Amino acid sequence: MNKSIDFSQPQRQSLPGILVMFANSLQKTVRALWPMLLIWLVKFDSLNKFVFFGSVAGVVVLIGIISYLQYLFFTFHIDEENAEFVIQKGVLNKTRITIQLHKIQQVNINQSLIQRLVGVHKLEIDTAGSDKKEASISAISHSLATILKERLINHSQLETTENEEKIIEEVTPISFIKIGLPSLIKIGFTSNYIKSFALIFLFFSTIIENLQQLNTEVIDEDKVTKYLDTLPIITSVLIVIGFFIGLILVVNLFRTILKYFDFTIQKSKQSIILSYGLISTKNTLLNPNKVQKIKVTQNYFQKKLDVTTIGIHQASSDVEKVKEKDQIEVPGCTENERDAILKLLLGQLPQKGTMFLPNWRKLAVNTFFLLVVPILITLFLNYQTEFVTWNDWLIYTSFFSIFALIMLWFSFKNYRLFVSNDFIIKQNGAWDIDTTIIEPYKIQAIETQQFFWQKATNIGSVTLSTAGGTVSFTTGNYSEIKQLVNYWLYEVETWEKNWM
């Protein structure tokens with residue numbers, strides 16, 4: 001290890017970072033122009049080869065020059081006097097990013113495939129003052145990244161060469177939990193159906209749209225239609241449904257394994273280190289004290305297979321922009337692993353406490369808007385256009401009604417709020433049951449709402465806002481909600497813990 005590391009002086013990234021920047025820029029260019037490249041490949045025989053290869057070579061050379069200049073003008077250092085981390089970058093437009101050390105809440109060390117090949121890592125810094133990554137260093141050695149990560153996350157003001165040499169030994173992580181491949185396979189087959197379907201639909205629709213512009217048919221639609229017509233209707237439907245279900249399951253499995261392979265949780269001082277990834281590895285260091293909201297998700301199949309997913313939300317200054325994709329996920333936990341992680345993050349296993357139920361009008365309102373209104377809309381449209389026969393409309397509507405009623409009933413049945421001295425737990429969901437956990441002293445704002453037509457029935461809603469997102473409970477007993485609000489406000493005022 002370099003004994004003369006001095007973060008107070010501006011430093012450049014590792015020299016192989018030029019290759020990383022080149023690969024990233026090339027990848028972005030290909031992703032932006034891939035429809036055009038697809039057209040060129042299809043019409044390759046009719047293209048002017050000199051112009052084609054000359055254009056490609058020119059773009060590659062230009063990207064290489066820009067990558068070198070990006071490397072040359074990128075520096076980072078720690079301003080000891082002002083306790084700030086400073087990044088300067090930009091070729092033509094100079095940019096100076098200044099981050100106060102005490103605002104840093106999460107530091108990630110990631111490694112993509114190209115970074116792994118050239119032996120460097122990417123360091124990302126996340127603060128409570130932004131809904132996106134505040135700053136990143138694309139190419140840094142692992143030893144230097146480890147020292148810088150610990151320095152930033154612990155907010156130390158002074159650091160000697162001797163401490164730098166010992167920091168790896170002093171903060172040696174202790175293995176805590178490792179998610180095995182069998183658990184990832186279980187979670188891959190039992191989650192994210194909608195996300196995978198949307199991804200598959202977007203992929204195929206984009207491919208078909210670009211091929212149609214070329215008047216090129218990869219699949220003979222007439223042959224497929226004739227083949228399906230020779231089969232019974234039920235068999236044809238089952239074949240189509242089975243194909244998409246199989247494709248969704250395969251995509252789910254590969255996405256889960258590629259993203260979360262070798263998922264390991266380690267303890268280091270007051271922090272937790274999460275490491276995972278097959279092709280692109282990710283190393284995240286977070287402080288349990290800064291966790292604002294925890295969401296535990298499990299469906300029927302996952303319960304039988306003893307796997308669950310934990311989502312961890314940290315602080316963000318703009319609560320309205322907190323998104324599910326920004327949460328840290330721990331997939332494929334067993335029940336014992338889930339309890340151990342919750343104890344590690346919260347200091348104890350959450351107890352549900354007193355249960356509060358929604359009014360039956362919640363089920364009635366959801367049934368009206370999610371079942372009755374869609375049926376009336378399709379009835380009106382079919383009456384105007386007759387896009388299907390009335391017998392078919394009746395069959396489709398019956399299937400939809402049965403499915404919707406089942407989902408609405410389970411959604412209402414699972415909708416619960418549990419309140420204890422130390423925790424507020426909300427449970428909701430029809431298929432995937434989400435259990436959201438927050439601690440009362442981390443509440444930043446409380447909003448109650450009661451419409452004028454709800455006063456006679458004494459029902460209303462409450463929304464609890466934290467720095468990591470909100471938790472809402474609707475159509476509850478309004479008198480009970482007001483009592484809970486007074487109790488939570490008292491806890492916020494008297495609690496001595498600090499959530500930052």
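Colleague: What does lysine 122 count as, by relative accessibility?

Modeller: Lysine 122 counts as partly exposed, at 24% relative accessibility. Buried means under 20% relative accessible area, exposed means over 50%, and partly exposed lies in between (1.4 Å probe, protein chains only).

Colleague: What should I know about the model before we go on?

Modeller: It is a predicted model: local features need pLDDT of at least 70, side-chain atom pairs count only at pLDDT 80 or more, and totals for chains, interfaces and linings use all residues. Residues are numbered from 1 along each chain as its sequence is written, and side-chain values use heavy atoms, with hydrogens and water left out.

Colleague: Back to lysine 122. Which residue does it form a salt bridge with?

Modeller: Glutamate 124. Their closest N and O atoms are 3.5 Å apart. A salt bridge here is a side-chain nitrogen of Lys or Arg within 4 Å of a carboxyl oxygen of Asp or Glu.

Colleague: And glutamate 124, buried or exposed?

Modeller: Glutamate 124 is buried, with a relative accessible area of 13%.

Colleague: How many salt bridges are there by that rule?

Modeller: The count comes to five.

Colleague: What does lysine 178 pair with?

Modeller: Lysine 178 forms a salt bridge with aspartate 262, at 3.1 Å between the closest N and O atoms. That pair links distant parts of the chain, 84 residues apart. Lysine 178 is in strand β7 (residues 174–179), and aspartate 262 is in the loop between α9 (233–260) and β8 (263–268). Helices (H or I, at least four residues) and strands (E, at least two) are DSSP runs, numbered from the N terminus.

Colleague: Lysine 178, buried or exposed?

Modeller: Exposed, with a relative accessible area of 54%. Aspartate 262 counts as partly exposed, at 35%.

Colleague: What about glutamate 335 and arginine 338: how are they placed in helix α11?

Modeller: They sit three residues apart in α11 (residues 335–346), so about one helical turn separates them. Salt bridges that share partners join Glu335, Arg338 and Asp339 into one network.

Colleague: New topic. Which residues does glutamine 70 touch?

Modeller: Leaving out residues up to four places away in sequence, glutamine 70 touches Met21, Ser25 and Val91. Contact means heavy atoms within 4.5 Å. Glutamine 70 is in helix α2 (residues 49–72). It is partly exposed, at 32% relative accessible area.

Colleague: How far apart are the C-alpha atoms of glutamine 70 and glycine 90?

Modeller: They are separated by 6.4 Å, though the two residues are 20 apart along the chain.

Colleague: Which residues make the nonpolar surface patch?

Modeller: Among them are Leu113, Leu181, Phe189, Phe254 and Ile279, in a patch of about 940 Å². The elements giving two or more residues to it are α3 (113–118), α6 (181–189) and α9. Patches are made of residues with over 30% relative accessible area and no salt bridge: like charges are joined within 9 Å, nonpolar side chains (Val, Leu, Ile, Met, Phe, Trp, Tyr) within 5 Å.

Colleague: What is the relative accessible area of leucine 181?

Modeller: It is 39%, so leucine 181 is partly exposed. Leucine 181 belongs to helix α6.

Colleague: Last one. How many helices and strands are in the protein?

Modeller: There are 14 helices and 20 strands. Of the 500 residues, 39% are buried. The accessible surface comes to about 28,800 Å², and 61% of it belongs to carbon and sulfur atoms. Accessible areas come from the Shrake-Rupley method with a 1.4 Å probe; for residues, only the protein chains shown count as cover.
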